[in-house]
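Me: I would like to learn how to read a model like this one. Could you take me through the features in turn?

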Amino acid sequence: MNACTTEFQTGGQMPPDLFEAERPRGPIALWVRHHPAIAWGGGLLVLMACIALLAPLITSYDPANMTPMLRGKKPSWAHLFGTDMLGRDVFARVIYGARISLMVGFAVAVIATVMGVAVGIVSGFFRFADTIIMRITDGLMSIPPILLAIALTAISRPSVTNVIIAISIAEMPRMGRLVRGVVLSLRERPYVMAAQAAGTRLPKIILRHILPNTLAPIMVQATYICAAAMITEAILSFIGAGAPTNIPSWGNIISEGRAVWQLRPYLVFIPAVFLSITVLAVNLLGDGLRDALDPRMAKRV
Amino acid sequence: MLLNAILKRLLATVPVLLGVALFVFSLLYIIPGDPAALIAGDTATPEEIARIRSSLGLDRSFWVRFAEWLLQILHGELGTSIFSGMSVSHLIGQRLGPTLSLMSLTLVVAIVVAVPMGVLAAWKQGTMLDRLTMMGAVFGFSVPVFVVGYLLAYVFAVELSWLPVQGYRPLSDGIWEWLRHLILPSVALGGIYIALIARITRTAMLEVLSQDYVRTAKAKGLGQMNILFRHALKNAAVPVVTVIGIGVALLIGGAVATESVFSIPGLGRLTVDAILRRDYPIIQGVILFFSMVYLLVNLVVDMLYVILDPRIRY
């Protein structure tokens, strides 16, 4: 963090140069040069978010509107990505699909993070709870996350909310483990012990001394959870265990295109490209954040 | 000594397995709808439904049923499918071959590709090769397995017709037929796994390559390949093997989607069909089975530590 603030300062204080070739880069260009992954990932993500938010402005078609006359049309100017087997405009469905994927990704990242942080702090501070919580997470973590999500969506009514809850539960244990590990190591730090010795109450120690120091690894982990959640959502929809089929999630569009994919490969590949780019953006952002926030972590995974 | 360690680890797995079993059992317990009413059909009277309930033992307490269910499992019986009335263990046994073939071939492909990739990337750290490998890894993490599957199938099966688009042949049909049908699925499924292993191999190798004994080996005039693969890789093996074990979870999850793409009649297809028909005993059985496999794989990995790094003792 320090490195990039100084970068900002020196960049801003540079006197304007008369010679084009020698002109120093502006603060933004410098920052981008130092953190290309964050810039690319963040940029792509902002673009996707804009597409999702501005969907009604980008396309005038309703993604759910079926026009039987226009079934299975190939791409044209009227229907950029053609129409699907029910006569719905695929361009509109893909554009609106960005909303579902981003919503699932962010919602899961937030919910799994909040739950994971709570669980991690409790088990990091309370011995008796730690044993129980760790046994439960051991159990949850020995079920492959996608299967766990499948199990949970299979017993609930198909809805985007249930998909979000299911993936959050499947992703939560890893976050809990991470936070617990960080808390355990922070607890032994002199400043935390000093605060304890000075009689600071536990909630204040957690808020003031523990949480701020867990923020960097939590943020990085949260971006990876976001990426994993978007892929899991797509796989769930793809195999028919995800959002209801009338909801235009990218997984659902791919799943519907499956039946005719050899004749109309674009019905599968267009949503697939959007999905892959979005997940890539989030992963790039995560890698960039990891390197920027903690250079030591760059050596790990 | 080693036997002792294995026993200890096996015992430590028991409570975890119990936890998984409890979770999987509660799944069936809390599902919406009454299985007795489902079996009895639409025209059944409440008395008939009650009779079926008690004959199925559904009227007893949660823990009694859980204990009975556990006993059943210990006898290798995972219940019966609601849809086909067949035994779940039998169905799993039937579908095991294709999934095991797919997963083991993927495992081999991934290790053979990813480990040398990671080693070379670490050796040539900072070069174009290293950057390309790391970029490839980010892509591997980002492109979902079924997308890679369709892409490969489109290029190599539909357009070039080099390999079959879908289907599966058992090994008894000949090794070439078996392999031909599994190449595309394994490469598709292996993508994310290769990314994971290559990345961890590179990181572990970078750590090792900066050690004194590597410099000594160089000073002795040992060949580069000898240093990399015999001296360095051996010492970097523990994290690599660990991630191979953990990554099996990705393999299992990915197999469900891959089998759908390539119409492979394995456990993944069984699960997907069960989801569509809400056949909960099958879903339960498959999850329990896969979790056991996953735990077992990681148990083996833990055992490997002792062999790979004699300093580790349990």
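Reply: Start with burial. A residue is buried if 20 or more other C-beta atoms lie within 10 Å of its own, exposed if 12 or fewer, and partly exposed in between, with C-beta atoms placed from the backbone. Take B:Ser263: it has 14 other C-beta atoms within 10 Å, so it is partly exposed. B:Ser263 sits in the loop between H11 and H12 of chain B. Its phi is near 50°, a positive value in a residue other than glycine.

Me: What should I know about the model and its numbering?

Reply: This is a predicted model: local features need pLDDT of at least 70, side-chain atom pairs count only at pLDDT 80 or more, and totals for chains, interfaces and linings use all residues. Residues are numbered from 1 along each chain as its sequence is written, while chains are lettered from A and ligands numbered from 1 in the order in which they are written.

Me: How do I read confidence, and what average pLDDT does each chain have?

Reply: pLDDT is the predictor's confidence in each residue, from 0 to 100. Chain A averages 80, and 82% of its residues score at least 70. Chain B averages 83, with 93% of the residues at 70 or above. For the complex, the predictor gives an ipTM of 0.83 and a pTM of 0.83.

Me: Where does the pLDDT of chain A stay under 50?

Reply: Residues 1-14 of chain A stay under 50. A contact means that the C-beta atoms of two residues, placed from the backbone, lie within 7 Å. Residues 1-14 of chain A have 14 contacts beyond four places in sequence in the model. Residues 297-301 of chain A are also below 50, and that stretch has eight contacts beyond near neighbours in sequence.

Me: What is a nonpolar core, and which residues have the most contacts inside the largest one?

Reply: It is a set of buried Ala, Val, Leu, Ile, Met, Phe, Trp, Tyr and Cys residues joined through C-beta atoms within 7 Å. The largest here has 150 residues, and those with the most contacts inside it are A:Ile225, B:Ile197 and B:Val240. Beyond four places in sequence, B:Val240 is in contact with B:Val115, B:Ile197, B:Ile200, B:Thr201 and B:Ala204.

Me: How many residues meet between the chains, and of which classes on the side of chain B?

Reply: 38 residues of chain B are in contact with 37 residues of chain A. H1(B) gives the most to the chain B side, with seven residues. For classes, Ala, Val, Leu, Ile, Met, Phe, Trp, Tyr, Cys and Pro count as nonpolar, Asp, Glu, Lys and Arg as charged, and the others, Gly among them, as polar. The side of chain B that touches chain A has 30 nonpolar, seven polar and one charged residues.

Me: Which domains does chain B have, and how many residues join them?

Reply: Domain bounds come from an automatic or database domain assignment. For chain B it gives domain 1 (20-74) and domain 2 (100-308). Their C-alpha centres lie 40 Å apart. Six residues of domain 1 of chain B are in contact with five residues of domain 2 of chain B. On the domain 1 side, there are six nonpolar, no polar and no charged residues.

Technical notes
Helices (H or I, at least four residues) and strands (E, at least two) are DSSP runs, numbered from the N terminus.
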